[in-house]
Amino acid sequence: MLSKKHRILKGEFEKLFKAGKRTDSKSFFLKVTNLSPPLKNRDDFSSRFAFVTSAKVSKKAVVRNKLRRRARAIVYKLLPEAKKDVATMFFFKPGAEKLNFKEIEEEIKEALQKAGVL
């Protein structure tokens with residue numbers, strides 16, 4: 001589980017979504033944004049993450065939650081390597097629920113490297 005300082009706040013979500021640069025992957029796409037001074041409303045300057053899984057991925061909430069939990073666990077392991085002052089939002093595509101943990105891990109790591117977060 002990511003601590004609160006590594007999560008994107010609801011009020012920041014809209015601004016970051018509009019300002020972010022998109023990077024596509026097979027099972028998800030991500031929006032990456034540098035946190036500009038108006039968005040730095042916290043004392044720390046750590047990287048922040050959000051995970052979005054729509055009902056298009058699966059109608060079952062259990063499956064969507066499992067996918068988000070797996071992604072959070074993977075990102076938690078990669079936090080020491082992540083750049084500071086970066087907000088990253090993951091948006092999962094239909095078909096992502098069929099991947100196992102190892103496949104998701106490889107894809108997330110590759111996408112974060114491609115986006116310049118790691």
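**Exercise 1.** In this predicted model, find what joins the side chains of Asp24 and Lys93, and where in the chain each residue lies.

*Solution.* 
Step 1. The side chains of Asp24 and Lys93 meet in a salt bridge, with 3.7 Å from N to O. The cut-off is 4 Å, so this pair counts.
Step 2. Asp24 belongs to strand E1 (residues 21-24). Lys93 sits in the loop between strand E4 (86-92) and helix H3 (101-115).
Step 3. The two residues are 69 residues apart, and the pair links distant parts of the chain.
Step 4. Lys93 has a relative accessibility of 24% and counts as partly exposed.

**Exercise 2.** Determine which residue besides Lys93 is linked with Asp24 in a network of salt bridges.

*Solution.* 
Step 1. Asp24 also forms a salt bridge with Arg22, where the closest N and O atoms are 3.1 Å apart.
Step 2. Arg22, Asp24 and Lys93 are therefore linked in a network of salt bridges.
Step 3. Asp24 is partly exposed at a relative accessible area of 39%, and Arg22 is partly exposed at 47%.

**Exercise 3.** Classify Glu105 and Lys102 as buried, partly exposed or exposed, and describe how they are placed in helix H3.

*Solution.* 
Step 1. Glu105 has a relative accessibility of 19%; buried means under 20%, so Glu105 counts as buried.
Step 2. Lys102 has a relative accessible area of 52%; exposed means over 50%, so Lys102 is exposed.
Step 3. Glu105 and Lys102 form a salt bridge, with the closest N and O atoms 3.9 Å apart.

Technical notes:
Residues are numbered from 1 along each chain as its sequence is written. This is a predicted model: local features need pLDDT of at least 70, side-chain atom pairs count only at pLDDT 80 or more; totals for chains, interfaces and linings use all residues. Side-chain values use heavy atoms; hydrogens and water are left out. Buried means under 20% relative accessible area, exposed over 50%, partly exposed in between (1.4 Å probe, protein chains only). Helices (H or I, at least four residues) and strands (E, at least two) are DSSP runs, numbered from the N terminus.
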